[in-house]
Amino acid sequence: MLEEFIHETRIAYFSMEIALHNNIPTYSGGLGVLAGDTIRSAADLELPMVAVTLVSRAGYFRQELDAECGQIEHPDSWQPDTVASSLQAKIAVNIEGRLVWVSGWLYILEGHMNGRQPVILLDTDVDENHDDDRQITHYLYGGDEAYRLKQEIVLGMGGMRMLQALGFKVRQYHMNEGHSALLAIELLRRYAYPKEDLRSGESAYDIPQIRELCNFTTHTPVDAGHDRFAYDLVGRILSEEFDRATLKRLAGEDRLNMTRLALNLSEYVNGVAKRHAEVSRKMFPGYRVHAVTNGVHPFTWTARSFIDLYNKHLPGWCHQPEILIRAECCISDEAIWEAHCQAKSILIEKVKALCHISLDPQIPIFGFARRMTAYKRPDLLFSDLERLKNIARQRPFQVVLAGKAHPRDLDGKHLIRTIHQHIQELAGDIPMAFVPDYDMEIARTMVAGVDLWLNTPLRPMEASGTSGMKAAFNGVPNLSVLDGWWVEGCIEGITGWAVGDDTESSNGDDAKSLYDKLEQTILPLYYDDRSRWIAVMKGAISKNASFFNSHRMMRRYATEAYIR
Ligand SMILES: *Cc1c(COP(=O)(O)O)cnc(C)c1O
């Protein structure tokens with residue numbers, strides 16, 4: 001099985017989560033979906049990669065909403081043996097002074113253009129391990145800090161050893177977020193000079209050489225979002241031999257900061273949008289932070305009706321999405337509208353089946369779906385219910401929402417409950433549905449089936465955001481706060497619209513701007529000037545889908561990071 005992959009040197013891409021397929025719950029949200037799109041584009045472009053992640057046998061969680069609209073979390077267990085083959089290798093890492101054995105699975109991601117990429121799913125659930133250790137790779141983002149550190153040891157150090165044991169030849173390493181940064185420590189150990197060759201005071205570690213091998217993509221624009229571990233915890237759990245003074249020099253004196261570690265050991269570092277790179281440069285002065293704006297995988301995120309349309313009028317778009325720039329003149333308004341109506345009816349059916357709510361195909365649908373957490377402000381739309389009702393009285397609209405809150409994010413869970421109260425308060429005035437258990441499949445249906453995609457995060461906390469890019473592939477305009485990718489993607493009235501301006505967020509101003517745009521610009525355009533509305537749909541496709549795709553992103557990583 002491995003033979004076809006180990007003869008050429010590869011880029012090893014490490015990520016705590018990867019969205020491989022809707023039925024494989026090894027992802028929680030945007031970071032994992034991006035990792036999945038990365039591998040899917042690598043397959044289409046035939047870039048030699050190998051991805052490394054955890055098997056997460058119990059998944060993230062399956063979301064159910066109880067009668068009071070509280071979130072209930074169920075394990076989302078899956079059987080790796082149904083889709084992946086067992087690896088004939090076992091390696092060990094040293095945790096809490098004992099050996100923890102790591103085996104794994106080979107999943108082959110098959111692209112729709114015949115490309116194939118190997119994905120290694122690390123698994124500690126093997127007979128040799130204690131019960132506790134068998135669970136290390138069970139729960140994605142589960143457990144406490146100690147559990148997280150153990151997972152990161154398995155991912156970073158275990159992943160490196162597994163690649164070596166399997167015979168992979170690696171030319172570059174890519175850390176998708178800081179979770180895997182211990183891989184760089186493993187590299188330092190591997191290339192360390194033998195002690196007997198050192199003069200006194202000389203370091204055994206060849207830091208410049210390791211930096212040449214490593215690339216790091218940071219995703220978190222707020223300081224508190226970075227993984228940090230107290231050194232007494234590290235001392236207790238990480239029993240691999242490594243000079244502690246060097247570790248502190250690389251990862252921070254007070255605590256082990258995974259982002260610092262990755263920054264110090266990577267020659268190429270980037271943020272995931274231009275704005276995010278600026279914010280990261282301020283957060284980490286002295287580091288050179290490039291910007292590679294995220295993208296989404298064209299084929300995965302385009303609805304069937306638009307795939308057929310692009311295949312007919314713009315053949316080759318799946319390999320070169322730049323060609324979508326011609327959508328504006330090469331596809332008729334009628335054909336765009338027809339493809340949209342098909343995608344919309346699929347969403348309406350799904351909402352009927354999952355929420356028992358009937359939406360009207362003649363009335364515009366606004367979509368909002370993403371992780372339910374405070375900074376994403378899912379409640380901004382509900383800031384003033386009277387105003388919202390008033391807008392709907394003049395020109396009606398409908399809303400579809402979805403999203404999970406992290407099990408320990410109490411504010412996020414509270415938001416889900418508040419939103420449901422608002423939905424009930426608005427019943428009879430504005431039809432609204434909250435679709436439970438947001439996943440890739442629901443995302444795919446929503447980003448294509450709505451008429452307008454909303455995003456209202458608190459600036460500058462949205463590193464990039466990608467769901468709005470998915471909407472663009474389906475001719476759905478965005479109405480969004482100017483943060484993350486939208487700073488680059490928004491051309492007012494051409495590709496969509498901005499909420500507020502480009503300065504510090506304030507809830508009151510943003511809510512007012514959101515309402516004003518809906519009432520005075522967006523709804524009048526939708527109802528009174530359909531051909532200009534379709535022009536904005538085409539603007540989203542030709543100006544945004546042509547650029548904000550993961551093929552462009554991977555071509556940039558290949559030419560600017562991997563080859564240097
Ligand atoms: C695309 C996607 C996300 C990321 O959405 P953002 O709006 O960028 O936060 C999260 N979850 C799922 C299931 C997705 O498909």
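A search of the whole structure finds 41 salt bridges, a salt bridge being a side-chain nitrogen of Lys or Arg within 4 Å of a carboxyl oxygen of Asp or Glu. The model is predicted, so local features need pLDDT of at least 70 and side-chain atom pairs count only at pLDDT 80 or more, while totals for chains, interfaces and linings use all residues. Residues are numbered from 1 along each chain as its sequence is written, and side-chain values use heavy atoms, with hydrogens and water left out.

Select Arg10 and Glu8. Their side chains meet in a salt bridge, 3.7 Å from N to O. Arg10 has 4% relative accessibility and counts as buried, whereas Glu8, at 35%, counts as partly exposed. Buried means under 20% relative accessible area, exposed over 50%, and partly exposed in between (1.4 Å probe, protein chains only).

Next, select Lys150 and Glu96. The closest N and O atoms of this salt bridge are 3.5 Å apart. Lys150 is in helix H4 (residues 145-166) and Glu96 is in the loop between strand S6 (91-95) and strand S7 (98-110), so the pair ties together parts 54 residues apart in sequence. Helices (H or I, at least four residues) and strands (E, at least two) are DSSP runs, numbered from the N terminus. Lys150 counts as buried at 14% relative accessibility; Glu96 counts as partly exposed at 32%.

Then go to Asp516, which forms a salt bridge with Arg387, with the closest N and O atoms 2.8 Å apart. Asp516 belongs to helix H19 (residues 507-528) and Arg387 to helix H14 (residues 385-394), so this pair ties together parts 129 residues apart in sequence.
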